[in-house]
Amino acid sequence: MTKVLVRPEMAGFKPYSPGLSIDEIKKRYGLPRVIKMASNENPLGTSPVVQERLKNMSPMAFRYAQAGSPALTERLAAHLGVPASCVVAGNGSDEIIDLLLRVVARPGVDNVVAFSPCFSIYDVQSRLCGVEFRQAKLNADFSFPFDQLVSLTDENTALVFVTNPDNPSGHACPAADLVALASRLPARTLLVVDEAYIDFAEPLDVFSMLPHLDAIPNLVVLRTFSKMHGLAGLRLGYGVMPEWLADLLLRVKLPFSVNILAEQAGLAALEDDIFVSQTLRVVSEGRRLLERELSALGCKVWPSQANFLMFEPPMDARVLFEALLALGVIIRPLGSYGMPEKLRVSIGNEEENLEFLTKTAEVLRGHDRHS
Ligand SMILES: Cc1ncc(COP(=O)(O)O)c(C=O)c1O
């Protein structure tokens, strides 16, 4: 019965595999305290400036937002130094990814190209659109094999997605490499550079593609408020793209997908320089600490330009993951990325980082004793 009722593309979809929630783990193990370092959220939580704005704006929850979020779009444009007509705000950058696919890619005809492994939303939304999803396997060191990527493109390639810095490895390539990639793609292909983690890359100007928007006609840059600005739960992201494309996205985007509180929170977050600089400091120091200490514990750790680290422990990764859960620490297993031997940990605040390291050391010691 269901077969006739649903589109054939629906066959074989599995739900997105998110990080586990704190409440879930508290309940499962009867723990009073659980820390979550699994979804690359902000280690400092929600900025006090944003909290204040949300409190002040809560009486406005009964109103519809202004379609297209013009106040936020204009503020973002000034902040980034781009025309407001090139900015589209969405319900997380996830919504922009979905809109790009639906606006640009022709079902049953076009294809989309990305690396493997990659952020699963590119794959899921492509297949839902009835569009072929092609992947070039990342190099062994997780750097980007651009030749392979280009070799998968043809005149029906609607979009190429590159995540920079990459998730889950944390690898980042200089913007110059992506400028070179853009010149090798078919004329109609959009290069979508997903910069969800770009704020954590050092130095930023070596990596960001924003300064190249004028020179590359088919470039789209995606950004999010979920990571550095600490608004993951409110859902706010945006794309910067050519004006003709932004215009098309705005014609079909559900008008109120960015709600009134999310828009206000975004505006407040952009003013909160103190929170941004504190976040950058905590992530940069935490990343150095975790990289050093995980290596000292015998883990292989990949260099990261993001607010997380990918590592391979000297024991079964799934066993370590489960043992940490039972001790009240949630990190991310990478089985859903096809790498069951690896784990990803988000950089936490000072206390969380130390707790994660102490408990990881405890599990690894216990494992040594038994093997
Ligand atoms: C590479 C990448 N792109 C996009 C997103 C989604 O961001 P948002 O919360 O803005 O939808 C994430 C979130 O984890 C991500 O890792």
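This is a predicted model: local features need pLDDT of at least 70, side-chain atom pairs count only at pLDDT 80 or more; totals for chains, interfaces and linings use all residues.
A residue counts as buried when its relative accessible area is under 20%, as exposed when it is over 50%, and as partly exposed in between.

The overall form comes first. The protein is built from 14 helices and 13 strands. Its C-alpha trace extends about 60 × 55 × 50 Å along the principal axes. A compact globule with 371 residues would have a radius of gyration near 21 Å, and the protein agrees with this expectation because its own value is 21 Å. Of the 371 residues, 53% count as buried. Among contacts with a separation of 6 or more, 73% are made by residues 24 or more positions apart.

The surface and the charges follow. The protein exposes about 16,800 Å², and carbon and sulfur atoms supply 56% of that area. The structure holds 23 salt bridges, some of which are described below.

How accessible is Arg 287? Its relative accessibility is 7%, so Arg 287 counts as buried. Glu 202, at 44% relative accessibility, counts as partly exposed.

Another salt bridge lies within a helix. The side chains of Glu 322 and Arg 318 meet at 3.1 Å, N to O. Both residues are in helix H13 (residues 317-326), and because they are four residues apart, about one helical turn separates them. Glu 322 has a relative accessibility of 30% and so counts as partly exposed; Arg 318, at 42%, is likewise partly exposed. Elsewhere, salt bridges that share partners link Arg 33, Glu 351, Glu 355 and Lys 359 into one network.

A further pair is formed by Glu 9 and Arg 7, whose side chains meet in a salt bridge of 3.3 Å, N to O. Glu 9 is partly exposed, with a relative accessible area of 24%, and Arg 7 also counts as partly exposed, at 42% relative accessibility.

Note on methods: Residues are numbered from 1 along each chain as its sequence is written. Side-chain values use heavy atoms; hydrogens and water are left out. Helices (H or I, at least four residues) and strands (E, at least two) are DSSP runs, numbered from the N terminus. The radius of gyration is taken over C-alpha atoms; the globule rule is 2.2 Å times the number of residues to the power 0.38. Buried means under 20% relative accessible area, exposed over 50%, partly exposed in between (1.4 Å probe, protein chains only). Contact means heavy atoms within 4.5 Å. Accessible areas come from the Shrake-Rupley method with a 1.4 Å probe; for residues, only the protein chains shown count as cover. A salt bridge is a side-chain nitrogen of Lys or Arg within 4 Å of a carboxyl oxygen of Asp or Glu.
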